[in-house]
Amino acid sequence: MRYKKLSPFPPHFLWSGSTSAYQVEGAWNDDGKGPSVIDVGNHTKPGIADFTVCVDHYHRMEDDVALFAEMGLTAYRFSIAWTRIIPDGDGEINQAGIDFYHRLIDALIAHHIEPIVTMYHFDLPAALDAKGGWENRATVAAFERYARILFSEYGNKVKYWLTINEQNMMILVGEAIGTVKPGSPKSALYQANHHMMLAQAKAMILCHEMLLNAKIGPAPNIGLVYPATSKPEDVLAADDVNSIRNWFYVDAAARGIYNSVAWRYLEEIGAVPSIEDGDMDILAAARPDFIAFNYYTSLTVAEPLPEGQPIPGSSDQQLFAGEENVFLGKNNPYLPRTDFGWEMDPVGFRNTFRALWDRYHLPLLVTENGLGAYDSLEADGAVHDPYRINYLRDHIEQIQLALTDGVEVLGYSPWSAIDLISTHQGISKRYGFIFVNRGEEDLRDLARYKKDSFFWYQKVIHTNGADLS
Ligand code: BGP
């Protein structure tokens, strides 16, 4: 529908920016921090920045927060590294790690920036992984204990909590992200998935028991799946992939049930998890206050190729090549692509808002959306990134249309508040409003420079979304 008049952004809309601990902090083994699966898995890739120093946010946190405040952020979404709080995941508590996040949260509050905390963003403690990771049911109890520590330490300062970042991507493309060992069988992945669902449900229940005013929700990556044509078989394939990629995860979190189409898929591939008595009651008892979601693009699919025909491969996180008997991934001819080959679909953002709202009727919080691009630092310290401004503007316009559609949107947290290390494509794939001067392996001086998008977003926030020019 086209509207003659648009609804304005609500007065307390959260204008935020996003990061994750393992991609921004560095200091990977400072002050008692234990190694995570990411630290263990990525130290050895030549030519691509590792996660040891990142952009050294751990040591420059106060200055970075001051820059966020100057940009005008009214919220900041970051993750807590489980391995700073409990270095081996389920043992001793590390006071220095606890203190760091107190300092960060206090700095944000001092600048009137609302903290939005992700409890777990890809960086499972390596010691837990060595004991079977999420496949091991004991990790559920370890996460619940970790959640209890976070709520009791920070619960009086933090209102918005996110349980698990992109659980669906960890299950579907975990190898590319580095959270899953190559060749892990699907049965193991979906057992891990069930345990993560339980851990999330327990954390949501605990949050509501311990913190009266807090709000908590899941943070999957949700992008609507389109049929490549109006051929009914393509429409069916799109429906299947929507269930397997998107609704499976949100249905479990928001309705406490396993999506029936996704469940049939698990039966077909021999990956039904073992579920203990009482597990489904726990999922049913847990209710999120909102749904947070990361959106980068939509996905387009066609009916699956005939059995036995090989599917052309892709390892990239956003690109799903296809799956035998389920679907074939397609390029969408209507969508331009980023430097890194990701399709850009702002209208798909609105479509995704509407689908989530129709299905769940819960407030929506965008926890990631952004453009990975090669930026260059000019001699005068400027970084001209009109492509990023265009991307963000196009998406913010669609938020306003979704608001006009009647969708309740709490806030927008673009990826990323500051440059950081991409999941598997280093520092050259930049997302931030703030440029950090480092190369893949050459750390240079790690100085911060405000990009053109910094000043643009500052104006957007200042006008509460009224001036997107
Ligand atoms: C999301 C992750 C982020 C982030 C972003 C961009 O999937 O939650 O951690 O990195 O995607 O992806 P990439 O870094 O692969 O470009």
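Helix H9 (residues 186-210) lies across S3, S4 and S5, running at about 170° to S4. Here, helices (H or I, at least four residues) and strands (E, at least two) are DSSP runs, numbered from the N terminus. This is a predicted model, where local features need pLDDT of at least 70, side-chain atom pairs count only at pLDDT 80 or more, and totals for chains, interfaces and linings use all residues. Residues are numbered from 1 along each chain as its sequence is written, and side-chain values use heavy atoms, leaving out hydrogens and water.

**The sheet**
- An open sheet is formed by 4 strands in the order S2-S3-S4-S5, with parallel pairing; two strands pair if DSSP finds at least two bridges between them.
- At the edges are strand S2 (75-79) and strand S5 (215-219), each pairing on one side only.
- Strand S4 (residues 160-165) is joined to S5 by 4 bridges, and tyrosine 160 stands opposite lysine 215 in S5.

**A helix packed on the sheet**
- Helix H5 (residues 95-110) touches S2 and strand S3 (114-120), and its direction makes about 170° with that of S2.
- Contact means heavy atoms within 4.5 Å, while angles run from 0 to 180 degrees between N-to-C directions of lines fitted to C-alpha atoms, for helices over the stretch in contact.

**Helix H10**
- Helix H10 (residues 232-255) spans only 28 Å between its end C-alpha atoms, whereas a straight helix of 24 residues would span 34 Å at 1.5 Å a residue, taking 1.5 Å times one less than the number of residues.
- H10 bends by about 55° at tryptophan 247, the angle between axes fitted to the seven residues ending there and the seven starting there.
- Since 17 of its 24 residues are buried, H10 is largely enclosed by the rest of the structure; buried means under 20% relative accessible area (1.4 Å probe, protein chains only).

Conventions:
Buried means under 20% relative accessible area, exposed over 50%, partly exposed in between (1.4 Å probe, protein chains only).
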